[in-house]
Amino acid sequence: MNDLIQKIKSLSEDYYEEIKEVRRHLHANPELSFEEHNTASFIEQKLEEFGIQEVHRIAETGVTFCLEGNGKGKTIALRADIDALPITEENDVSYCSQNDGVMHACGHDVHTANLLGAAKILNELKDHWTGTIKFIFQPAEEKSPGGASILIKEGILENPKPENILGQHVMPLIDAGKVGFKKGKYMASADEIYLTVKGKGGHAAMPENFVDPIAITSQIIVSLQQIVSRFANPKMPTVLSFGKIAGGTITNIIPDEVKVEGTFRTFNEEWRKEALEKIRKMATSIAESMGASCEVSFAPGYPFLINDEDYTERNIEAAKKYLGAENVEELDLWMAAEDFASYSHRVDACFYRLGTRNEEKGITSGVHTPTFDIDETSLKIGMGLMAFLAIEELEFSQ
Ligand code: NI
């Protein structure tokens, strides 16, 4: 097995310059969710250069194919997301975004480059593993309803059906050279909440003649926090945050309506449904009790993400073999959402973090910021470890 690790590490070195160029090309040419046409063509072109055949499109801008190893075995899937964000890049680098207002600020360029690198390695080492590896270059992670749910509807988890799925995401809080794992529940579900409180506007000096939606909205926002503090199981993380409130014009006018937008996050599907229903009831009945009305709507987001305990444990052990135990960290729960979650409720899944931070080089910006970047040496681990984890899992099942 040490021999295999050495082989993968040396291929990762050999392919590093090429995969770095791939990442830089993707970074300079970002495309928004569901618009990844050039990205998909570029992925296909690279796969052709690698000599990989029978590559298919799925959901227009998704790309998928299978590699068969040296003999029969189970099927596993490796997934990378490929879309970028509506952010204007502020980095002064040669590979800065050429697409105004669009940026790979969440590292999906890195995930795509790494999965291409892993494909090249696994194709080269076909004689060293058995079974089938399904590669998924998934569009639209950043935009609800999310590319994962669309790909699932279009059959990505069938023919062949993967028994495991592995996903990787950059993590600027972890140093380059390290990775992080979390067994069990890892990332939250996230639903958007929209409230419109309708009162009756007029002169602020005569509140008795009108229905003040600002006072009523304040009451609603404060009361809704009771859902977190009094109804949520204290052992079940729950977040209710309102990020936008809009209404009114000037000090002495009571407006007709106020709009509020927020997000609800948690780790249990039943509680998620129940809590949204409570939000609806509480908001409408408070408004009504004060003579106003409240329209409530939700934009359902991704479910919570769960890493299969056993599969993740096997990946942790394999990562320790590949990187050394000191370079494998244990992660905490994270209240952000990720559409890899949709796979994780259907297939034994593992979503892990690739460290990309380098303080000495000044690479510390968070994801979704205009100065996000990575220490590119992490690409070696990104492609190599993913290839190794795939082979280890296929060997485990033999
Ligand atoms: Ni992301």
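Which residues in α2 meet which residues in α3? In this predicted model, local features need pLDDT of at least 70 and side-chain atom pairs pLDDT 80 or more, whereas totals for chains, interfaces and linings use all residues. Residues are numbered from 1 along each chain as its sequence is written, and side-chain values use heavy atoms, without hydrogens and water.

On the α2 side, Ile43, Lys46 and Leu47 meet Thr112, Leu116 and Ala119 of α3, contact being heavy atoms within 4.5 Å. The residues of this contact comprise four nonpolar, one polar and one charged (nonpolar: Ala, Val, Leu, Ile, Met, Phe, Trp, Tyr, Cys and Pro; charged: Asp, Glu, Lys and Arg; polar: the others, Gly among them). Helix α2 spans residues 37–49, and its axis lies 10 Å from that of α3 at an angle of about 20° (axes are lines fitted to C-alpha atoms over the stretch in contact, with angles from 0 to 180 degrees between N-to-C directions). The two helices are therefore roughly parallel, a term for angles under 35 degrees.

Cys106 (SG), His108 (NE2) and His169 (NE2) coordinate the nickel ion at 2.2 to 2.3 Å; donors are N, O and S atoms within 2.8 Å of the metal (3.2 Å for Na, K and Ca), and the site may look incomplete because water is not among the atoms. Along the chain, the donor spacing is C-x1-H-x60-H. His108 in helix α3 (residues 108–124) and His169 in strand β5 (residues 164–175) are 61 residues apart and link distant parts of the chain. Helices (H or I, at least four residues) and strands (E, at least two) are DSSP runs, numbered from the N terminus. His108 has a relative accessible area of 0% and is buried, as is His169 at 4% (buried: under 20% relative accessible area, 1.4 Å probe, protein chains only).

How values were computed. Buried < 20%, exposed > 50% of the residue type's maximum accessible area, 1.4 Å probe, protein only. Parallel < 35°, antiparallel > 145°, perpendicular 65-115°, else oblique.
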